[in-house]
Amino acid sequence: MMMRRWQLAHGRHLDLGEKAVVMGILNVTPDSFSDGGLFDAAGLALAQARRMIAEGAAVVDVGGESTRPGAAPIGAAEEQDRVLPVIEALAAAGEALISVDTYRAETARLAVAAGAHIVNDVWGLQREPGIAEVAARTGAGLVIMHTGREREILPDVIEDQFFFLERSLEIARQAGVRGESIMLDPGFGFAKETAEANLDLMVRFGELHALGFPLAVGTSRKRFLGTVTGRDAADRAAGTAATSVVLRLKGAHLFRVHDVAINVDALAVADAIVTRQTALQDLP
């Protein structure tokens with residue numbers, strides 16, 4: 001697997017390729033689909049962040065607005081009130097890299113100023129393109145996610161990925177975002193309404209490497225896993241870990257998960273397979 005260095009804000013970086021990177025999901029919201037209300041107090045959020053770091057998360061992704069279908073929208077000020085104190089406390093502790101899950105340029109700017117290293121935009125720069133300018137000015141790592149929400153989707157799952165993400169990448173280029181700061185996410189579950197649509201994306205995941213950027217994935221506890229396993233959202237950790245292994249073997253670099261420990265272990269096995277596969281290929 002090709003080695004890459006992902007450049008982040010505040011002079012930090014992540015080396016990608018040899019080992020999978022786990023990003024722990026920290027939703028400081030009352031209404032997220034599987035953990036809403038569990039960590040919406042600052043003390044509970046910090047305790048959960050430290051738990052995920054102890055279990056092996058290299059990044060903590062802090063989100064203040066639910067992105068589940070049908071979630072009630074909130075304003076920028078409320079989002080910022082939720083995420084900024086947690087980001088400031090995590091930055092002061094210096095225990096892990098910090099990502100902010102937001103599509104708002106002003107929230108991203110304030111979050112990076114508070115200590116965040118990465119901006120994770122589930123609207124792929126296409127809701128508030130100014131978020132790309134924030135990433136360019138601050139040097140923040142930028143996760144650009146594909147979504148099919150609020151638009152017509154092309155029938156071929158990979159064609160639609162390229163259609164959307166190439167537009168996002170053009171926004172990033174025009175804003176001056178360095179290529180070394182960009183990671184792409186195919187957006188499992190975001191307007192991929194059936195299990196088949198998500199499974200097709202997994203099967204054809206390798207085709208996304210043609211875009212030329214490292215790849216993040218977020219299958220954690222998603223509805224399609226419930227369809228496949230018959231389990232409720234909180235009981236989908238094993239199903240999530242199975243997808244993590246499959247996607248690691250297909251070249252994914254970063255894994256955004258709720259259940260850190262099981263995915264860290266599963267990805268350690270996947271990494272060992274990748275390492276052994278490389279060693280065998282190098283034999284005369």
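Student: What is the handedness of the crossing of helix 8 and helix 9?

Tutor: Please note at the outset that this is a predicted model. A crossing is right-handed if the near helix is turned clockwise from the far one by less than a right angle. Helix 8 and helix 9 cross in the right-handed sense.

Student: At roughly what angle do the axes of helix 8 and helix 9 cross?

Tutor: Helix 8 (residues 237-249) and helix 9 (residues 260-281) have axes that cross at roughly 25 degrees and come within 9 Å. Because angles under 35 degrees count as roughly parallel, helix 8 is described as roughly parallel to helix 9.

Student: Which residues make the contact?

Tutor: On helix 8 they include Ala 237, Ala 241, Val 245 and Leu 249; on helix 9 they include Ile 262, Ala 266, Ala 270 and Val 274. By class, the contact of helix 8 with helix 9 has 11 nonpolar, three polar and two charged residues.

Student: How do the axes of helix 4 and helix 5 cross?

Tutor: The axes of helix 4 (residues 130-138) and helix 5 (residues 157-175) cross at roughly 50 degrees, coming within 8 Å. Helix 4 is therefore oblique to helix 5. The crossing of these two helices is right-handed. Ala 132, Glu 133 and Ala 136 of helix 4 meet Ile 171, Ala 172 and Ala 175 of helix 5. Five of the residues in this contact are nonpolar, none is polar and one is charged.

Student: How many aromatic pairs does a search of the whole structure find?

Tutor: The search finds one. Planes under 30 degrees apart count as stacked. The ring planes of Phe 188 and Phe 224 stand at 25 degrees, with the centres 6.3 Å apart, so this pair is stacked. Phe 188 lies in the loop between strand 8 (182-185) and helix 6 (195-203), and Phe 224 lies in helix 7 (residues 223-229). The two are 36 residues apart, and the pair thus links distant parts of the chain.

Student: Are Phe 188 and Phe 224 buried or exposed?

Tutor: Buried means under 20% relative accessible area. Phe 188 is buried because its value is 1%, and Phe 224 is buried with 3%.

Student: Where is Ile 53 placed, and which residues does Ile 53 contact beyond its neighbours in sequence?

Tutor: Ile 53 belongs to helix 1 (residues 42-54). With a relative accessible area of 18%, Ile 53 is buried. Setting aside neighbours within four places in sequence, Ile 53 contacts Val 60, Glu 95 and Ala 96. Between Ile 53 and Ile 171, the C-alpha to C-alpha distance is 33 Å, and the two are 118 residues apart in sequence.

Conventions:
Residues numbered from 1 in each chain as written. Predicted model: local features only at pLDDT ≥ 70, side-chain atom pairs only at ≥ 80, totals over all residues. Heavy atoms only, no water. Axes fitted to C-alpha atoms, helices over the stretch in contact; angles between N-to-C directions. Helix = DSSP H or I, 4+ residues; strand = E, 2+ residues; numbered from the N terminus. Parallel < 35°, antiparallel > 145°, perpendicular 65-115°, else oblique. Contact = heavy atoms within 4.5 Å. Nonpolar A, V, L, I, M, F, W, Y, C, P; charged D, E, K, R; others polar. Phe/Tyr/Trp six-rings, centres within 6.5 Å; stacked < 30°, edge-to-face > 60°. Buried < 20%, exposed > 50% of the residue type's maximum accessible area, 1.4 Å probe, protein only.
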